[in-house]
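Have the sequence and the structure side by side. We will walk through the fold step by step, from strands to side chains.

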Amino acid sequence: MYKDIALELIVGFFFLLLILKLVGKIQFSQITPFDFITGLVMGNLVGDAIFNEKTGLKEIIFSISIWGALIYFVELLTQKSSFLRSILEGTPTILVNKGEILYRNLKKTHIDLNQLQHLMRREGYFSVFEAEYVILERDGQISVAPKHPYGAPTNQDLKIPKQQVNLSFALIMDGKLIKDNLKEAGHNEQWLKKQLSKKKIKEYKEVFYAEWQENSGLNISKYN
């Protein structure tokens, strides 16, 4: 019995991961009400099937496959039809327009003033009247366009000379070399070992984390 449950759990787990990979990461990183429901159903399909003695691996795989196909089909439809997209995923709603709080839209989206204040504080605004526009996004988060006095100054506003923006690359993590990142950074192991030797480090396993960036060079954190 326990072997069967363990086998079904393992297969169900990896099959759900496969479906997630096929459906796409964006769907589950920006959860809409439709996505939330589909996620619950997929989890219940596996959970209920595992503890049902009459249900085997074939039934689990079949159920997840059908549900995953339905999700994929709906995703294709929403990409092609803005009407279906608005029904299944919702549409953004303006809560504050030109500094004015839109009571009707708050009521329509079932958001009270306390919730609006809470959402705005999470974005760094402690007064509703600091916002020129507030938009409730499909995933329940808000986007805030602040009034001019409350907006953060940009580099252009401060007249800071333009500088090249460079990515940082993690070269060593948990004592192990990440070869792909080293190659992407434009260096090789000979260069890295030379840099490590300057700091009296002989092996990668001595390094907890090492990061390289064009502007700041190689930064190293050893095990402490």
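Strand 7 and strand 8 (residues 217-222) pair in the antiparallel sense, over 6 bridges. This is a predicted model. Find V207 first: it stands opposite K222 in strand 8.

Now widen the view. Which strands belong to the open sheet with the order 6-5-7-8? It is made of 4 strands, and the pairing is antiparallel. Strand 6 (176-177) and strand 8 stand at the edges. Each has a single partner strand, so one side of each is left without a neighbour in the sheet. Strands of a sheet pair through backbone hydrogen bonds, either parallel or antiparallel.

Look next at the inside of this sheet. Strand 5 (residues 168-173) and strand 7 run antiparallel, joined by 5 bridges. Here M173 stands opposite Y209 in strand 7.

Follow the chain past strand 6 and you reach I178. I178 is found in the loop between strand 6 and helix 8 (179-184). Leaving out residues up to four places away in sequence, I178 touches A170, L171 and M173. Is I178 buried, partly exposed or exposed? With a relative accessible area of 23%, I178 is partly exposed; buried would require a value under 20%. Compare its position with that of A210. I178 and A210 are 32 residues apart in sequence, and their C-alpha atoms are 10.0 Å apart in space.

The structure holds 3 aromatic pairs. One of them joins W191 and W212. A pair of aromatic rings is described by the distance of the centres and the angle of the planes. For W191 and W212, the centres are 6.2 Å apart and the planes make an angle of 90°. That pair is edge-to-face. What does the pair tie together? W191 lies in helix 9 (residues 189-198) and W212 in strand 7 (residues 207-213), so the pair ties together parts that are 21 residues apart in sequence. Both W191 and W212 are buried. With F169, these two residues form one aromatic cluster.

Turn to charged side chains. How many salt bridges does the structure hold? There is 1. It links K205 with E203, and the closest N and O atoms are 3.3 Å apart. How accessible are the two partners? K205 is exposed, with a relative accessible area of 60%. E203 counts as partly exposed, at 39% relative accessibility.

T93 is in strand 1 (residues 93-97). Its relative accessible area is 13%, so T93 is buried. What does T93 touch? Not counting residues up to four places away in sequence, its contacts are N105, T109, V134, I135 and L136.

For a contrast, go to the surface. F62 is in helix 4 (residues 57-80). With a relative accessible area of 55%, F62 is exposed. F62, I66 and L70 form a nonpolar patch on the surface. Together they have about 300 Å² of accessible area.

Finally, step back to the whole chain. The protein chain has 9 helices and 8 strands. What share of its 224 residues is buried? Buried residues make up 27%. The protein chain exposes about 16,400 Å², and carbon and sulfur atoms supply 58% of that area.

Conventions. Residues are numbered from 1 along each chain as its sequence is written. This is a predicted model: local features need pLDDT of at least 70, side-chain atom pairs count only at pLDDT 80 or more; totals for chains, interfaces and linings use all residues. Side-chain values use heavy atoms; hydrogens and water are left out. Helices (H or I, at least four residues) and strands (E, at least two) are DSSP runs, numbered from the N terminus. Buried means under 20% relative accessible area, exposed over 50%, partly exposed in between (1.4 Å probe, protein chains only). Contact means heavy atoms within 4.5 Å. Rings of Phe, Tyr and Trp (its six-membered ring) pair if their centres lie within 6.5 Å; planes under 30 degrees apart count as stacked, over 60 as edge-to-face and the rest as tilted. Patches are made of residues with over 30% relative accessible area and no salt bridge: like charges are joined within 9 Å, nonpolar side chains (Val, Leu, Ile, Met, Phe, Trp, Tyr) within 5 Å. Accessible areas come from the Shrake-Rupley method with a 1.4 Å probe; for residues, only the protein chains shown count as cover. A salt bridge is a side-chain nitrogen of Lys or Arg within 4 Å of a carboxyl oxygen of Asp or Glu. Two strands pair if DSSP finds at least two bridges between them.
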